[in-house]
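Trainee: Could you take me through one part of this structure slowly? I'd like a close look at the surroundings of the ligand.

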Amino acid sequence: MNVSLTGTPGTGKTSISGILSKNKVEILNLNKIISKKKIKFEYDKKRKTKIVDIEKLNKYFDNNIRNKHLLIIEGHLSHLLHCIDKVILLRCNPNELKKRLLKRRWNKNKINENIESEILDIILCECLKFHSRKNIFEIDTTGKSIDSLGLIILDIIKNNFKENKIYKIGNINWSEEIFDMELI
Ligand SMILES: Nc1ncnc2c1ncn2[C@@H]1O[C@H](COP(=O)(O)OP(=O)(O)OP(=O)(O)O)[C@@H](O)[C@H]1O
Ligand SMILES: [Mg+2]
């Protein structure tokens, strides 16, 4: 089973992957694959962002990834891969996300772009284009420790991705946050 661990940058994919990997879950970091395997991308100078050729990425995975055991592919594009069976989508309150992203040396526009994307459910909408609702598990990371989030995901795995009211999509809604929050 191939599982996407996705979410807006800063929601904690890489941090939580560390916990999963300590618990013997096999993790593949999509950014590392893109650079190691020289998957073609263009660089948008203005947005300071890589624009990855998703078809090339899919070709690499179609040719190289078998669907034998549990594999978690982490990265904010991983839900776009054809080989994905289940999706774990990390979410974060935009105010907290702003704090996390401010710690990075990213430019203002890039931080704002990601906060807006989180508020507008952009990744969730992309997930819904490619995956059925029952295969998407949405987890609010706000105020939760990385360890506890690791345990939540281990539990979902242990339960063989059985549908779960708490993590079904639609429970998270940041629209109210827009009134309290200021972009930077
Ligand atoms: N649950 C959490 N509570 C507090 N801080 C967190 C949490 N998860 C992640 N962070 C912090 O937020 C920052 C971003 O985390 P991380 O790099 O894991 O995000 P990411 O989703 O992998 O981002 P990217 O898509 O850019 O790779 C780090 O400084 C990390 O320590
Ligand atoms: Mg990361």
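Mentor: Here is a walk around ligand 1. Keep in mind that this is a predicted model, where local features need pLDDT of at least 70 and side-chain atom pairs count only at pLDDT 80 or more, while totals for chains, interfaces and linings use all residues. Residues are numbered from 1 along each chain as its sequence is written, chains are lettered from A and ligands numbered from 1 in the order in which they are written, and side-chain values use heavy atoms, with hydrogens and water left out.

So, who's around the ligand? 13 residues surround ligand 1, counting a residue if one of its heavy atoms lies within 4 Å. The closest are Lys 13, Thr 14, Ser 15, Arg 104 and Lys 144. By type, the shell splits into three nonpolar, six polar and four charged residues; Ala, Val, Leu, Ile, Met, Phe, Trp, Tyr, Cys and Pro are nonpolar, Asp, Glu, Lys and Arg charged, and the others, Gly among them, polar.

Now for some polar contacts, meaning pairs of N or O atoms within 3.5 Å. Gly 12 uses a polar backbone atom instead, 3.0 Å from a ligand oxygen. On its own, ligand 1 has 640 Å² of accessible area (Shrake-Rupley method, 1.4 Å probe), and the protein covers 73% of that.

Finally, helix H1 (13-22) gives the largest share of the shell, three residues, where helices are DSSP runs (H or I) of at least four residues. Helix H7 (146-158) also gives two or more.

Terms used
A polar contact is a pair of N or O atoms within 3.5 Å; within protein, one must be able to donate a hydrogen and the other to accept it, and residues adjacent in sequence count only if both atoms are side-chain atoms.
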